[in-house]
Amino acid sequence: MSPRGRVSGQLPDFPWDTIASVKVKAAAHPGGIVDLSVGTPVDPVDPLIRAALNSVAEVPGYPTTHGTPELRAAAVDALKRRYGITGLDPAAVLPAIGTKELIAGLPRLLGLGPGDLVVVPEVAYPTYEVGALLAGAQVLRADGLTRLGPQTPALIYVNSPSNPTGRVLGVDHLRKVVAFARERGAIVASDECYLGLSWEGRAVSLLDPEVCDGDHTNLLALHSLSKTSNLASYRAGFVAGDPALVAELLEVRKHSGMMVPFPIQAAMTAALSDDAHESQQRERYRARRDVLRKALVEAGFRIDHSEAGLYLWSTRREPCRTTLDWLADRGILAAPGDFYGPGAAAHVRIALTATDERIAAAAERLTAG
């Protein structure tokens, strides 16, 4: 087997390739497709952010891997202002070329490999598993820590609010994860990309003092600007937490040349320093959620979890691929639950990331009978 085959042979099929035929069917609808399968922004980037990007477009030199002091300070201030995270050192912030890149590479960046165990949620964003497999590590799907028994994981992923389910983990749950990890010397990586999109109740960060008592040791929080700042095309994310772990990640990334472009760093600084655009985008999603949720319920769907995030975790109490076909007949494309684990085979993930006009079209088709 070629070196290429040895790598790709470890990985599952790329999930989006498996719904190509359903996408063709949905696209054939007379009113056009309503693509609710991917959580990609459709609203414009705020002018304030675009101006920041353009303001440094002429700078020719290499950017720093660690990010500018202004960017790291803006991240610390935003995490405190928006989510109540205190005691974070700007040195313990590290920008990444999108959060997916960071998640996919995290086990390798941390030096994990064969013999190491990575725990991922039972219903989970596929890249947690992919990153572990690329490092040659073992993967265990487990929501309850009791399932681990005597095993000692090297890395535990938590994701709250969850992609795809929108489930929010409470303070007590997160405290138990932190206590368990500290007893066994494990690292906890919390994917918090949807933390700014809570609809029902309060979502908290792993770094919240209520969760970790102000001690960030062995804790990492991963954040994205793709969601409420519409910066998916910019590939703008960052990790924050344990200064020692962030320093280790920084050292490896410096050697690897993994640098966020300087104009993107300027744009991130502007986005993190301004809450008005984020609030405006959140309210856009709230309105779309209200329209879509009402229509889905009227069409006979049950919405599970979905307290936060950009998706409605929905079921018609049948195999998800059957539901996918039902939706495609109406020109609507969703993501099948089996993308996210064997325990999700009766659900579909329906995104809020479409224009108001497309969301209205989907609602009309769902309730037309």
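Two strands are taken to pair if DSSP finds at least two bridges between them, and the strands themselves (E, at least two residues), like the helices (H or I, at least four), are DSSP runs numbered from the N terminus. In strand 13, Arg349 is the bridge partner of Ala335. The model is predicted, so that local features need pLDDT of at least 70 and side-chain atom pairs count only at pLDDT 80 or more, while totals for chains, interfaces and linings use all residues. Residues are numbered from 1 along each chain as its sequence is written, and side-chain values use heavy atoms, with hydrogens and water left out.

- Four bridges in the antiparallel sense pair strand 13 with strand 10 (residues 311–315), and Ile350 of strand 13 stands opposite Leu312.
- Strand 12 (residues 335–336) also runs antiparallel to strand 13, to which two bridges join it.
- Arg349 lies over the face of Tyr311, at 3.8 Å from the ring centre; a charge sits over a ring if NZ of Lys or CZ of Arg is within 6 Å of the ring centre and within 35 degrees of the ring normal.
- A further arrangement of this kind places Arg330 over the face of Trp326, at 3.7 Å from the ring centre.

- Strand 3 runs parallel to strand 4 (residues 138–141), the two being joined by four bridges, and Leu117 stands opposite Gln138 in strand 4.

**Helix 5**

- Eight of the eleven residues of helix 5 (residues 99–109) are buried, so this helix is largely enclosed by the rest of the structure.
- The buried residues of helix 5 are Thr99, Leu102, Ile103, Ala104, Gly105, Leu106, Pro107 and Leu109, and the helix is followed by Gly111, whose phi is positive, near 80 degrees.

**Aromatic pairs**

- Rings of Phe, Tyr and Trp (its six-membered ring) pair if their centres lie within 6.5 Å, with planes under 30 degrees apart counted as stacked, over 60 as edge-to-face and the rest as tilted; by this rule the count comes to six aromatic pairs.
- One of these pairs, Tyr125 and Tyr128, is edge-to-face, with 5.6 Å centre to centre and 80 degrees between the planes, and both Tyr125 and Tyr128 are buried.
- Tyr128 and Tyr157 form a stacked pair, with 4.7 Å centre to centre and 25 degrees between the planes.
- Because Tyr128 lies in helix 6 (residues 127–134) and Tyr157 in strand 5, their pair ties together parts that are 29 residues apart in sequence.
- Tyr128 counts as buried at 0% relative accessibility, and Tyr157 counts as buried at 3%.
- Ring pairs link Tyr125, Tyr128 and Tyr157 into a cluster.

**Second largest pocket**

- On a 1 Å grid over the protein atoms alone, a cavity is a set of points where a 1.4 Å probe fits but cannot get out, whereas a pocket is an open set with protein on both sides within 12 Å along at least five of seven lines, and lining residues have an atom within 4 Å of a point.
- The second largest pocket holds about 360 Å³ of space, and of its 22 lining residues Pro121, Glu122, Val123, Asp143 and Arg167 lie nearest its centre.
- Strand 5 (155–159) and helix 7 (171–184) each supply at least two residues of this pocket's lining, and strand 5 gives the most, with four residues.

**Largest cavity**

- There is one cavity of 30 Å³ or more, and the largest cavity holds about 160 Å³ of space.
- The largest cavity is lined by 18 residues, of which Arg82, Tyr83, His223, Ser224 and Glu278 are the closest to its centre.
- Helix 4 (69–83) and strand 7 (219–224) are the elements that give two or more residues to the lining of this cavity, and the largest share, four residues, comes from helix 4.

Definitions and conventions:
Points joined across faces, edges and corners; volume = space filled by probe spheres on them. Buried < 20%, exposed > 50% of the residue type's maximum accessible area, 1.4 Å probe, protein only.
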